[in-house]
Amino acid sequence: MSKKQVENVLTQKEAQALCRAAFRLLKNWELSDAEVQVLLGGNHAAFRNEQQSPSEDMLVRAHLLLGIHKQLRGLFVEKRRGYQWVKKPNQTFGGLSALEVMMQRGVEGILEVKEYLEAENAH
């Protein structure tokens, strides 16, 4: 999604709300501030400022991360189990956890995890 497409779809307030929701999700995953910054590609102060719009990169990351959350909700009835899954080693990722894949590979890793979960939910 290009910046122009994002601007056509989301208002500044909606973009900020999207990023805040992703930030809360990552806190529910019990991630450190440093891990949150890596996954969102910035810090939460950038989207808490009402005058500043989140970057395109941050919006893409937030959207993908919330997509992961949606897929986890489809797989796990108990929210806590979905939150914990992110940190557990997974054979699909060569023994790495989903968090490690996302941290190491950035947006591509986040997309990889999301696509894996979508495939799991399709079964």
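Colleague: Is the crossing of H2 and H5 left-handed or right-handed?

Modeller: H2 and H5 cross in a left-handed way. Keep in mind that this is a predicted model.

Colleague: OK. What angle do H2 and H5 pack at, and how far apart are their axes?

Modeller: The angle is about 50°, and the axes of H2 and H5 are 9 Å apart. That makes H2 oblique to H5.

Colleague: Which residues meet there?

Modeller: From H2 you have Ala-15, Leu-18, Cys-19, Ala-21, Ala-22, Leu-25 and Leu-26. Facing them in H5 are Met-58, Leu-59, Ala-62, His-63, Leu-65, Leu-66 and His-69.

Colleague: What share of the contacts joins residues at least 24 apart?

Modeller: If you take contacts between residues at least 6 apart in sequence, 59% of them join residues at least 24 apart.

Colleague: Now the inside. Which residues have the most contacts in the largest nonpolar core?

Modeller: Trp-29, Leu-40, Leu-65, Ile-68, Trp-85, Met-102 and Val-113, in a core of 32 residues. Helices H2 (12-28), H3 (33-40), H5 (56-75), H6 (79-85) and H7 (98-122) each put in at least two residues of this core. H7 gives the largest share, with eight residues.

Colleague: Pick one of those. What does Met-102 touch?

Modeller: Leaving out residues up to four places away in sequence, Met-102 touches Trp-29, Leu-39, Leu-65, Ile-68, Val-86, Gly-109, Ile-110 and Val-113. Trp-29, Leu-65, Ile-68 and Val-113 are also on the list of residues with the most contacts inside the core.

Colleague: What about Trp-85, is that one buried or exposed?

Modeller: Trp-85 is buried, because its relative accessible area is 14% and the cut-off for buried is under 20%. Trp-85 sits in helix H6.

Colleague: Which residues is Trp-85 in contact with?

Modeller: Setting aside neighbours within four places in sequence, Trp-85 contacts Leu-72, Phe-76, Asn-90, Phe-93, Ala-98, Val-113, Tyr-116 and Leu-117.

Colleague: You mentioned Leu-117. Where is Leu-117?

Modeller: Leu-117 is in helix H7. Its relative accessibility is 0%, so Leu-117 counts as buried. Not counting residues up to four places away in sequence, Leu-117 touches Ile-68, Gln-71, Leu-72, Leu-75 and Trp-85. Leu-117 and Gln-71 are 46 residues apart in sequence and 5.8 Å apart in space, C-alpha to C-alpha.

Colleague: What do the axes of H5 and H7 do?

Modeller: They come within 9 Å and cross at roughly 35°. That crossing of H5 and H7 is left-handed. The residues that meet there include Leu-65, Ile-68, Gln-71 and Leu-72 in H5, and Met-102, Ile-110, Val-113 and Leu-117 in H7.

Colleague: Back to H2. At what angle do H2 and H3 pack?

Modeller: At about 135°, with their axes 10 Å apart. That makes H2 oblique to H3. The H2 and H3 crossing is right-handed. Ala-22, Phe-23, Leu-26 and Lys-27 of H2 make the contact with Asp-33, Val-36, Leu-39 and Leu-40 of H3.

Colleague: Is Glu-30 buried or exposed?

Modeller: Glu-30 counts as exposed, because its relative accessibility is 54% and the cut-off for exposed is over 50%.

Colleague: Last one. Where is Gly-95?

Modeller: Gly-95 is in the loop between H6 and H7. Gly-95 has a relative accessible area of 32%, so Gly-95 is partly exposed. Beyond its neighbours within four places in sequence, Gly-95 is in contact with Pro-89, Asn-90 and Glu-100. Asn-90 also turns up among the contacts of Trp-85.

How values were computed: Residues numbered from 1 in each chain as written. Predicted model: local features only at pLDDT ≥ 70, side-chain atom pairs only at ≥ 80, totals over all residues. Heavy atoms only, no water. Contact = heavy atoms within 4.5 Å. Core = buried A, V, L, I, M, F, W, Y, C linked by side-chain atoms within 4.5 Å. Buried < 20%, exposed > 50% of the residue type's maximum accessible area, 1.4 Å probe, protein only. Helix = DSSP H or I, 4+ residues; strand = E, 2+ residues; numbered from the N terminus. Axes fitted to C-alpha atoms, helices over the stretch in contact; angles between N-to-C directions. Parallel < 35°, antiparallel > 145°, perpendicular 65-115°, else oblique. Left-handed = near helix turned anticlockwise from the far one by under 90°.
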